[in-house]
Amino acid sequence: VGEGCQGNSIVYKSKKAERFHVKMGGPGSGKGTQCEKVVAKYGYTHLSSGDLLRAEVASGSERGKTLQAIMQKGELVPLDTVLDMIKDAMIAKAGVSKGFLIDGYPREVKQGEEFEKKIGAPCLLLYIDAKGETMVKRLMKRGETSGRADDNEETIKKRLDLYYKATEPVITFYTSRGIVRKIDSELPVDEVFGHVAKAIDDLK
Ligand SMILES: Nc1ncnc2c1ncn2[C@H]1C[C@H](O)[C@@H](COP(=O)(O)OP(=O)(O)OP(=O)(O)O)O1
Ligand SMILES: Nc1ncnc2c1ncn2[C@H]1C[C@H](O)[C@@H](COP(=O)(O)O)O1
Ligand SMILES: [Mg+2]
């Protein structure tokens, strides 16, 4: 894996011209929503760290039970656990994927550093940016149907606090490398996607 990256999302570009995108942003900012649209247009493989963790929880394994307890409290799971899951998922698709869109990782600067050591450096980080009150409103609404144990008022507050404390510094870290594209996620979904697509096209 060589160079690559993009704001609230990071694109990792390999020597074989595969691309690894990472999307970052606060809880409920719209990362997953935009990733789905990127997959439809560009055919990248979407890997959401949260989805991978929820799949482990759903498996009913002992590890899943431990993860569930952490996620229900709105806390971050251990770095090694989440990085190993992402790495395994990338390896499983390495031969067939046009590129990877990584959503929800890195959540803290140390995660970004470890990803670069074990997998590669990003070329683009897509920073999906929404106001705190917007994120809370969207998550409360999503919680009416999502079935997610962390889409409740108390846990949303903790997730948001943790985002500002631990995850926003990741954006500062990558801004110094000039790879961050900040996307205004207060706009309607399709308009947000217009800006996301422009940021990806600008890489070509
Ligand atoms: N631009 C938008 N305008 C209005 N609603 C939006 C927009 N983008 C997303 N939503 C809705 C869809 C969902 O119900 C909710 C959260 O979006 P989602 O894409 O699931 O966020 P996310 O993936 O960043 O959150 P999480 O980190 O909790 O997984 O908000
Ligand atoms: N990269 C991550 N590091 C630690 N914990 C994580 C990571 N990605 C997801 N998680 C845990 C903690 C989050 O609150 C939940 C849900 O993630 P989401 O991206 O909101 O689906 O999973
Ligand atoms: Mg999501």
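Gly30 is placed in the loop between strand E3 (19–25) and H1, where helices (H or I, at least four residues) and strands (E, at least two) are DSSP runs numbered from the N terminus. This is a predicted model, in which local features need pLDDT of at least 70 and side-chain atom pairs count only at pLDDT 80 or more, while totals for chains, interfaces and linings use all residues. Residues are numbered from 1 along each chain as its sequence is written, chains are lettered from A and ligands numbered from 1 in the order in which they are written, and side-chain values use heavy atoms, with hydrogens and water left out.

- An unreviewed UniProt entry gives the annotation "binding site" to Gly28, Ser29, Gly30, Lys31, Gly32, Thr33, Arg142 and Leu187; UniProt positions are in the numbering used here, feature names are shortened, and annotations may be inferred rather than shown by experiment.
- From this set, Gly28, Ser29, Gly30, Lys31, Gly32, Thr33, Arg142 and Leu187 belong to the lining of the largest pocket.
- On a 1 Å grid over the protein atoms alone, a pocket is an open set of points where a 1.4 Å probe fits, with protein on both sides within 12 Å along at least five of seven lines, and lining residues have an atom within 4 Å of a point.

**Ligand 1**

- Ligand 1 takes up the space of the largest pocket, and a molecule counts as sitting in a pocket if more than half of its atoms lie within 2 Å of its grid points.
- The elements that give two or more residues to the shell around ligand 1 are helix H1 (31–42), helix H6 (132–143) and helix H8 (189–201).
- Ligand 1 is surrounded by 18 residues, of which Lys31, Thr33, Arg142, Arg159 and Leu187 are the closest; a residue is near a molecule if one of its heavy atoms lies within 4 Å of it.
- The shell around ligand 1 is made up of six nonpolar, seven polar and five charged residues, where Ala, Val, Leu, Ile, Met, Phe, Trp, Tyr, Cys and Pro count as nonpolar, Asp, Glu, Lys and Arg as charged, and the others, Gly among them, as polar.
- A polar side-chain atom of Arg142 is 2.7 Å from an oxygen atom of ligand 1, and an N or O atom in the side chain of Arg148 is 3.2 Å from an oxygen atom of ligand 1.
- Of the 620 Å² of accessible area that ligand 1 has on its own, the protein covers 77%, with areas from the Shrake-Rupley method and a 1.4 Å probe.

**Ligand 2**

- Ligand 2 also sits in the largest pocket, and among the 16 residues around ligand 2, Ser49, Arg54, Gly104, Gln111 and Arg148 come nearest.
- Helix H2 (residues 49–58) gives the most to the shell around ligand 2, with four residues.
- An N or O atom in the side chain of Gln111 lies 2.8 Å from a nitrogen atom of ligand 2, and a backbone N or O atom of Gly104 is 3.1 Å from a nitrogen atom of ligand 2.
- The protein covers 96% of the 460 Å² of accessible area that ligand 2 has on its own.

- Tyr105 is in the loop between strand E5 (99–103) and helix H5 (109–118), and the peptide bond from Tyr105 to Pro106 is cis, with omega near 0°.

Technical notes
A polar contact is a pair of N or O atoms within 3.5 Å; within protein, one must be able to donate a hydrogen and the other to accept it, and residues adjacent in sequence count only if both atoms are side-chain atoms.
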